[in-house]
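Colleague: I am new to this structure and would like to know what stands behind the labels. Could we take them one at a time?

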Amino acid sequence: MSVSIPEIAKEHGLVPGHVYGVLAELGIEHEGDRFEVDAEVLELIRVSLGELAGSKEIRLPHGRTPRDVSLALGVPQPEIQKCLIQKLKTMASVATVLKDDVAEKLVANFGYTVHWGEAPKPKPKPAAEAASAKAALARPPVVTIMGHVDHGKTSLLDYIRKTNVVAKEFGGITQHIGAYQVDLPEGRITFLDTPGHAAFTEMRARGAQVTDIAVLVVASDDGVMPQTIEAINHAKNAKVPIIVAVNKIDKPGARPDKVLQELTQYEVIPEAFGGDTITCNVSAITGEGVPQLLEMILLQAEVMQLTADPKGATRGVVVEAKLERGRGPVATVLVQEGTLRVGDAVAVTAAYGKIKAMTDYKGEKVDAAGPSAPVEILGLSEVPMAGDTVIVVKSERDAREIAEQRKDDDRLKDIRQAHKPRMTLRGIREKLTQGESKELLLVIKADVQGSVEAVRGLIEKIENEEVEVKIIHYGVGSVTESDVLLASASDAIVVGFNVKPEGKAKAEAERHKVEIRTYNIIYELIDDIHKAVKGMLEPKFEEMYLGTVDIRVKFDFSRKGVIAGCYVTDGKVTRNARCRVKRGREVVFEGAISSLKHLKDDVREATVGFECGITFDGWQDFQVGDQIEAYEMVQIND
């Protein structure tokens with residue numbers, strides 16, 4: 001049977017290094033982090049591990065690297081690199097052989113000691129079999145370029161396109177399909193020409209994980225900027241590896257080393273500082289370093305072992321789509337599995353059709369497209385949305401039935417989503433009791449950097465055994481559309497301190513049902529999060545304006561009391577609404593409307609242009625000329 005080393009270690013409350021030691025003592029080979037044994041030997045291993053309960057000694061062979069220590073301790077690689085740089089003042093890449101004393105100090109920082117010994121031998125893979133399988137299933141990486149505005153994303157894409165892609169023009173118009181491929185002697189790369197991280201996350205929010213690698217462009221004369229941080233967090237939350245392109249190195253004020261230093265603050269640790277993030281110094285103007293960047297992308301793709309079956313069931317995703325005069329619905333599709341062909345019947349979420357024509361990124365007609373190839377297709381019944389899935393079926397009739405079924409499913413899903421709230425501060429406890437969530441993800445925005453750091457510091461101190469509070473993005477400035485998209489894709493909550501959401505952000509939050517909470521007092525913010533994780537947060541209400549009413553006559557009835565004869569000048573007024581009565585600028589009463597009449601009849605509401613009679617709850621000292629502002633308290637963020 002096949003056994004996972006990290007799982008069996010966790011089962012016994014140990015780290016993988018303990019298991020490696022037992023395997024070495026018993027002479028058992030392993031393949032990566034797994035080994036093959038029968039039930040009898042497995043029982044022997046379990047007994048040996050049981051004897052190590054509480055042991056803080058792990059076996060390490062001499063000449064270990066930070067990667068080996070990371071595997072042995074079961075600690076993430078960035079944590080190992082951070083410890084080496086910050087505590088041991090040692091610069092080492094993931095593959096650098098550590099001196100024995102450095103390895104011992106590194107392990108000691110995580111509460112363990114080293115027992116030096118021989119490593120268990122890895123089980124070799126048959127080379128011929130591995131090579132043939134890789135050749136048959138390898139696919140080009142799909143790359144998105146991200147970064148701050150004016151840092152050179154478009155210039156870099158343009159340089160790569162001009163030097164590596166021969167674009168064909170028809171009537172002077174360059175064919176643009178939102179994606180293109182670069183051919184190099186070492187392999188091929190697919191670039192998605194998206195507007196930025198907002199589009200990247202919008203597609204991810206819709207369930208389409210398209211990108212394999214994110215290239216983060218940072219200007220060497222400008223450094224890390226707010227949108228750079230956003231791009232880092234969007235890529236990290238999508239679990240997409242980052243390659244940093246330090247651009248504009250041809251400029252006089254270029255300081256690439258300073259950029260690398262700034263990146264470490266956001267847990268992007270370059271290889272030059274002992275981390276595992278690839279960085280390249282480039283110039284989108286002169287082209288310096290661009291070939292090396294492309295090589296590094298292919299190297300990263302090789303490490304990731306990206307594969308797809310060109311002969312399997314065909315599946316793809318829509319990158320962009322539009323309606324063109326004379327051509328009808330046109331969609332750019334990125335093939336992910338199988339091979340897409342002209343004549344195929346396809347279902348594209350709610351759209352369907354038979355592919356009449358297909359063109360590649362050069363504008364040339366093609367009959368077939370394999371994995372990672374971007375193609376423009378014609379023949380769909382309607383314009384699909386970016387992020388829609390594409391599947392090939394037997395016939396156009398089947399495609400239509402699937403599309404109709406998907407439409408029905410989407411309607412049901414929308415109904416369910418409307419009744420199933422997303423993550424909210426008040427709902428975290430309910431989700432926890434239902435076993436749906438064990439973490440509270442937050443996007444933090446504040447007015448100044450000092451406020452951001454203060455809020456982060458206090459939130460990171462919140463401890464709860466059941467709920468882990470994590471900040472997935474933070475920054476200075478108002479809550480943006482991009483913040484909401486990130487929260488939507490990650491099921492997070494947006495928290496603003498001394499800032500308000502932009503208009504587009506509000507609209508996106510309503511569309512995606514994302515909660516935005518804003519505060520002006522830092523301790524109220526922290527207190528709400530504390531209460532949320534404990535399940536004690538009270539509902540939050542805000543005032544919703546209803547209308548304005550002028551008091552024009554005062555009727556004094558001995559039996560009915562004093563009634564205000566009124567005229568509604570704006571909006572409406574409702575029975576039992578809250579109100580404040582103003583005399584000039586002074587508020588003379590704040591309370592509730594107890595009765596509302598039109599002529600002699602009791603009414604529920606009176607709208608603009610109507611006359612009405614109003615009495616107030618426990619108050620009669622109004623005067624002609626007073627103005628009533630009616631409102632109601634509405635529960636929000638629930």
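Colleague: Why does Lys258 count as partly exposed?

Modeller: This is a predicted model, and the value computed from it for Lys258 is 34% relative accessibility.

Colleague: What makes Lys258 and Glu262 a salt bridge?

Modeller: Their side chains meet at 2.7 Å, N to O. The cut-off is within 4 Å, so the pair qualifies. Both residues lie in helix α11 (residues 256–263), 4 residues apart, about one turn of the helix.

Colleague: Is Glu262 buried or exposed?

Modeller: Glu262 has a relative accessible area of 16%. Buried means under 20%, so Glu262 is buried.

Colleague: How many salt bridges does this rule give?

Modeller: The count comes to 24 salt bridges. One of them joins Arg46 and Glu11, at 2.2 Å from N to O. Arg46 lies in helix α3 (residues 39–51) and Glu11 in helix α1 (residues 5–11), so this pair ties together parts that are 35 residues apart in sequence.

Colleague: What about Asp626, and which residue does Asp626 pair with?

Modeller: Asp626 forms a salt bridge with Arg583, with the closest N and O atoms 2.9 Å apart. The pair links distant parts of the chain, 43 residues apart: Asp626 is in the loop between β31 (611–616) and β32 (627–636), and Arg583 is in strand β27 (residues 578–583). Asp626 has 2% relative accessibility, under the 20% limit, so Asp626 is buried. Arg583, at 29%, counts as partly exposed.

Colleague: Which residues are linked in a network of salt bridges?

Modeller: Glu543, Arg580, Lys582, Glu590 and Glu629.

Colleague: What makes strand β5 mostly covered?

Modeller: In strand β5 (residues 142–147), 6 of its 6 residues are buried. Val142, Thr144 and Met146 point one way, while Val143, Ile145 and Gly147 point the other way.

Colleague: How do you know which strands β5 pairs with?

Modeller: Pairing takes at least two bridges, and β5 has 3 to strand β9 (residues 187–192), so those two strands pair, running parallel. With strand β10 (residues 213–219), β5 pairs in the parallel sense over 5 bridges. Val142 stands opposite Thr190 in β9, and the bridge partner of Ile145 in β10 is Val215.

Notes:
Residues numbered from 1 in each chain as written. Predicted model: local features only at pLDDT ≥ 70, side-chain atom pairs only at ≥ 80, totals over all residues. Heavy atoms only, no water. Buried < 20%, exposed > 50% of the residue type's maximum accessible area, 1.4 Å probe, protein only.
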